[in-house]
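Below is a short briefing on a two-part question: how the parts are divided, and where they touch. The sequence and structure come next.

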Amino acid sequence: MYDVIIIGGGVTGCAAAAELAKYRLSVCLVEKESDVCEGTSKANSAIVHAGFDAEPGTLKAKLNVRGNAMMAELSQKLDFAFRNNGAMVLCFEDSQLSDLEKLKEKGEKNGVPDLTIISGDKARALEPKLSAEVKYALLAPTSGIVCPFEMTLAFAENAYANGVEFRLSTEVTGIEKSADGWCVKTDKGEILGSYVFNCAGVYADKIAEMAGIRDFSITPRKGEYMLMDKDAGGTVSRTIFQLPTKMGKGVLVTPTVHGNLLVGPTAENIDDKENTATTSQGLAEVRSKSALSVDGLPFNKVITSFTGLRAVGDTHDFIIGEAADGFFNAAGIESPGLTSAPAIAEMLRELLSKKTDLVPKDGHIDTRKGVVHFAALSREEQNALIAREPAYGNIVCRCETVTEGEILDAISRPLGATTLDGVKRRTRAGMGRCQAGFCSPKTILLLKEKLGCGIGDIRKNGREEVKDDA
Amino acid sequence: MREFDLVIVGGGPAGMAAAVSAKEHGLENIVILERDSELGGILNQCIHNGFGLHTFKEELTGPEYAERYAVKVREMGIPVETDTMVLDISADRVVTILNRGRGVEEIKAKSVILAMGCRERPRGALNIPGYRPQGVYTAGTAQKLVNCEGYVPGKEVVILGSGDIGLIMARRMSLEGAHVAAVAELMPYSSGLKRNIVQCLDDYGIPLLLSHTVVDIKGKEKLEGVVIAQVDEKNAPIAGTEQFYPCDTLLLSCGLIPENELSKNCGVEIDPRTNGPVVDEGLETSIDGVFACGNVLHVHDLVDFVSEEAARAGESAAAFVKRGCTADDTAAIKVIPQNGVRYTVPAQIHTADLLGDVHIRFRVTGVFKNCEIVIKAGETELLRRKSRILVPSEMLDIIIKKDRLAGVSEDITAAIEEV
């Protein structure tokens, strides 16, 4: 019997786990995939939004601004990549100035600091590649960019270090009220808990439904992206938005924390919660819309394309609260969900504290150290590391300069990688311009050796296969 | 800081041939840096035969061809540092290297030969829509898994792109018991060698679908199949021609990209047509004392051409060191690709002090039948050669005698004339 069962190992669930792990609670996180960060959290714009988009008074507004303010310190303590690069929202017609002003007012009401509107010329002085068609821009210096994988893993690993139990490759199949809490049924057996946190992303409505809660639905909103080579990473230094529409923040152009350039997303509501396929129309739309903002985008430098699904709730706000006795939803966590994750976790903890006394845990560890990034170290640090562990003297991924030492660490550490994508998200091996063509055979061999299985058992991602003994 | 007359980056066929030649031309203090644990580069995974017909007048496998040069390197006593990755090359030729034993180290080179080879164009760069499941490999990655690790990634295979590695892998996968349903090629002609189409596809009854491409990839976690469609003259898929091919493996053989990240960081000027360094007739890049050869310079189809080219780079590097590491300040004329010629290597020639005959290598922009290759200096014809057929998949090598070029001051043009 756990105190809390968290359903979903995305950024929301992992942030909640890390937050609850500060208290004397037994917590279990259940995730259907074989790794955390396998859904919406791994395929999004990776933006730490300033918070001017959301309607004042909404949870989105409040939690976004709070999450934004928390990010710098969190990224230090939990060791994930974050950069406060600032953002601009562009308009292309003089007549849209009023919309930009409304956005600024909204932002100010939400408590976003230092918003200013600047002329197109001034915007181009700051970002020389901006289109000549840009008439005005809203400048938001508190906007940032983050590594969503590292951020989710950081929360997960910190939670794990503080005693949260992770049940991966475990799919929830039913939820029943029990005498003193809830019984969560899974494909690997039943789990009992006093409280349940539903952090199930695009499946949050299905999970809620299992608990008898049918007052919201989640529509996956497909967003297609293109990621460009680091050669193109300097095209812009800030995150460049266009005036938002009711389907979201539009197509953006942004550097990533690792120096690539990301353009996207499209916004298409779909039914299939698993449909992460890109389409030729979607990618064409990304190309044409992003080209409105920035001149000369080097589309010949695209190294990969991907689709993410935003979990859009039908209330147009985050759905956070106690929906049944001891059953809490954190649903409809679409943008700005990544930014808001630590604030959502705080809110969930607040809600829980009204049900049960939360006693701080002695010996809680509030820091976490990620996989060393060899390439980012000084020469002296590199040599000290190699002297201690020679595997850091062997480059496995040449594009991103990732060493064998990093990959071995990614596999062996708690909640370690068991798939190629798991290694990639923890180390960046395979995330560069050759897209794992060079390193994947080597990474497969390292996984095979560490996990003690055959080459054929090494998966790219997804769920563990149940071996058919017959 | 350790110092060398010549540092060779890469111990594949280019690096080895460059080292042997540099030594033959009098350089003593040479080192080959190789990131793998043995010499040979990509040849080590090319276990099929067909290598060395020009160089050794016999058909060797890739590892055999590599071994011929590795033996020479050993016998000549040329030092090789394996398991060593080059992290950086500065414009003043300080090379930063990494290996387990020595850690990160800077070494000083009087001359550098870039011989890093090339990489395959990945799925992402092709913008193929669809899911991103397990089962999509570049042909070379699959070749490594099959030939070096003994692991055959699938049973039902579709290949996109008819580059040579894709064709070779069509045969390899068939020999390993897989069924290759088709090779789809976007262009109306193959980018692979004719002999490979005959020996690897025709002999195994594997259809080559020209002007076809993959328009969708199905299967969320594991590949379930691909949709192939015919394309029009603008390479756009034609609606209604889509056909589903169930498969668990999609191999991509859609082009090779010279691997010039080190070169770019060093400040070497890159030709956007070849994605390789701009070089002169001695294969010297825009940075003094830095030379390039093999697939890092431009993608070759025959290793024999790589070895020959690399030998010239080794000779040039030796000459550079012997003349005191001073730049060649003599005037250079340009070599300009014209009608039907996509690029030329070299891009310029110092006609005042040629080491020997000049090779002009290039590829054509399309298929040309009954045509002539015409090389001119200004209006003066230096060479005119008839050809029955020229195809983009075959690199052309035109040799202009040293005395024809000595003192020529007008730019050279290379063009294809249809007769």
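This is a predicted model: local features need pLDDT of at least 70, side-chain atom pairs count only at pLDDT 80 or more; totals for chains, interfaces and linings use all residues.

**A loop glycine in chain B**

Residues are numbered from 1 along each chain as its sequence is written, and chains are lettered from A and ligands numbered from 1 in the order in which they are written.

**Surroundings of Gly26(B)**

- Gly26(B) sits in the loop that joins α1 to β2 (30-33) of chain B (helices are DSSP runs of H or I with at least four residues, strands runs of E with at least two, numbered from the N terminus).
- Apart from neighbours within four places in sequence, Gly26(B) contacts Ala318(B) and Lys322(B) (contact means C-beta atoms, placed from the backbone, within 7 Å).

**Helix pair in chain B**

- Helices α1 (residues 13-24) and α2 (residues 62-75) of chain B pack at about 35 degrees, with axes 9 Å apart (axes are lines fitted to C-alpha atoms, for helices over the stretch in contact, and angles run from 0 to 180 degrees between N-to-C directions).
- On the α1(B) side the contact is made by Pro13(B), Met16(B), Ala17(B), Ala19(B) and Val20(B), and on the α2(B) side by Ala66(B), Tyr69(B), Ala70(B), Lys72(B) and Val73(B).
- By class, this contact has nine nonpolar, no polar and one charged residues (Ala, Val, Leu, Ile, Met, Phe, Trp, Tyr, Cys and Pro count as nonpolar, Asp, Glu, Lys and Arg as charged, and the others, Gly among them, as polar).

**Domains**

- Chain B is divided into domain 1 (1-120 + 255-329), domain 2 (122-254) and domain 3 (330-419) (bounds come from an automatic or database domain assignment).
- The C-alpha centres of domains 1 and 3 of chain B are 25 Å apart, and 18 residues of domain 1 of chain B contact 18 residues of domain 3 of chain B.
- Helix α8 (residues 303-322) of chain B gives the most to the domain 1 side of that contact, with four residues.
- That domain 1 side has five nonpolar, five polar and eight charged residues.
- Chain A is divided into domain 1 (82-146 + 222-305) and domain 2 (374-457), with C-alpha centres 32 Å apart.

**Interface between the chains**

- 30 residues of chain B are in contact with 33 residues of chain A.
- On the chain B side, α4(B) gives the most, with four residues.
- The chain B side has 10 nonpolar, nine polar and 11 charged residues.

**Helix α12 of chain A**

- Ser440(A), Pro441(A), Thr443(A), Ile444(A), Leu446(A) and Leu447(A) of α12(A) are buried.
- These buried residues pack against β21 (395-397), α10 (404-412) and α11 (420-427) of chain A together with α4 of chain B.
- Just after α12(A), Gly452(A) has a positive phi of about 65 degrees.

**A loop lysine in chain A**

- Lys361(A) lies in the loop between α8 (337-353) and α9 (379-388) of chain A.
- Lys361(A) is partly exposed, with 15 other C-beta atoms within 10 Å.
- Leaving aside neighbours within four places in sequence, Lys361(A) contacts Lys22(A), Tyr23(A) and Arg24(A).

Notes: Two residues are in contact if their C-beta atoms, placed from the backbone, lie within 7 Å. A residue is buried if 20 or more other C-beta atoms lie within 10 Å of its own, exposed if 12 or fewer, and partly exposed in between; C-beta atoms are placed from the backbone.
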